[in-house]
Amino acid sequence: MYRSLIVLCTVAALCTSAVAHTPPKGAASSLELNPHGIGHLLVVPYFNTQGGNATLLNLFNASATAKAVKIRFRGAGNGDELFSFQVFLWRRDAWTANISTGVNGLPVVTTSDRSCTLPAVVNGEPFRTSRLNPALTGESLANQAREGSIEIIAMGDVLDGTPLLTAITPSAGTPPCTPSVLNSLARFDGQLAPPSTGLIANWILINVPQTTTWSGEAVAYEARLNGAASTGNNVYFPQTTVPLTGAEVAGYTSDPLYNFAKGGPIVAPASLNLPDLSTPYTSGVDSPQDQATELSFD
């Protein structure tokens with residue numbers, strides 16, 4: 001499933017206007033599958049909250065560097081974005097959550113984890129339906145949000161001695177998550193270095209009424225140089241609703257619904273919609289379309 005979702009992003013051509021700013025570059029020249037499940041970009045191929053199912057997600061930062069990480073849920077039907085947020089993982093830290101159907105029929109994220117996130121509150125938040133087929137309503141609409149895939153992206157390593165590191169450092173088990181620091185993070189923020197490897201995730205699908213479970217590891221892509229793990233590009237974008245320009249879309253995503261060509265985008269893109277799996281991550285990739293192609297054939 002993860003391959004089909006990535007390939008979907010290359011369906012439409014995007015405008016080719018120049019991008020005004022580029023992210024700080026890492027040293028890696030390629031993305032490669034890591035059979036040991038550790039990397040920079042992770043794909044959980046399936047989550048499901050249909051018919052009594054719930055999905056448990058476990059995300060680990062196995063490195064000695066704190067990281068800013070993007071998590072995005074996509075629908076199975078068309079790869080539409082359902083919900084996204086950022087989590088800031090301390091060194092060798094974990095983030096866990098349960099995804100199940102809430103009282104309104106839409107999936108919700110339930111977590112008691114104390115890691116800092118943007119937005120600040122993720123627990124109990126329902127998935128969004130704004131990108132789903134507008135002809136659907138009620139149960140048919142909610143049904144389209146109850147299964148799909150999850151993408152996880154290391155956006156940057158948190159530098160020592162920065163306000164951001166202080167804000168996400170646990171004290172008696174709980175980081176302060178200082179709002180003024182987290183909410184002021186900028187595009188390709190200077191408090192973030194190009195991301196190193198170290199992310200691992202697994203998932204457990206549980207059907208309580210039937211007392212059955214399924215589980216697996218996330219597919220891991222690692223940014224490498226000459227076959228060894230290296231650093232990817234800093235791809236941090238603020239988790240805000242600030243609109244993206246056509247140049248930004250052309251430079252950082254191949255999502256066809258954000259295409260500014262031929263009359264404008266079908267869905268208005270915002271900063272919180274980036275990065276995605278097509279955002280150029282290594283020096284060997286010149287465009288979002290090239291990035292999507294590389295991942296599709298790895």
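Two strands pair if DSSP finds at least two bridges between them. Strands (E, at least two residues) and helices (H or I, at least four) are DSSP runs, numbered from the N terminus. The model on screen is predicted: local features need pLDDT of at least 70, side-chain atom pairs count only at pLDDT 80 or more, and totals for chains, interfaces and linings use all residues. Residues are numbered from 1 along each chain as its sequence is written, and side-chain values use heavy atoms, with hydrogens and water left out.

**Stop 1: the sheet.** Select strand 12 (residues 199-207) and strand 13, which pair in the antiparallel sense over 6 bridges. Within this pairing, Ile206 stands opposite Thr213 of strand 13.

**Stop 2: the disulfide.** Select Cys116 and Cys177, which form a disulfide (a pair of cysteine sulfur atoms within 2.5 Å), with their sulfur atoms 2.1 Å apart. Cys116 is in strand 8 (residues 116-118), and Cys177 is in the loop between helix 3 (163-168) and helix 4 (179-182), 61 residues apart. The link of Cys116 and Cys177 is left-handed, with -95° about the S-S bond.

Is each cysteine buried (under 20% relative accessible area), exposed (over 50%) or partly exposed (in between; 1.4 Å probe, protein chains only)? Cys116 counts as buried because its relative accessibility is 1%. Cys177, at 21%, counts as partly exposed.

**Stop 3: Ser287.** Select Ser287, in the loop between helix 5 (246-252) and helix 6 (288-297). Ser287 counts as buried, at 17% relative accessibility. A polar atom of its side chain lies 3.1 Å from the backbone nitrogen of Asp290.

How values were computed
A polar contact is a pair of N or O atoms within 3.5 Å; within protein, one must be able to donate a hydrogen and the other to accept it, and residues adjacent in sequence count only if both atoms are side-chain atoms.
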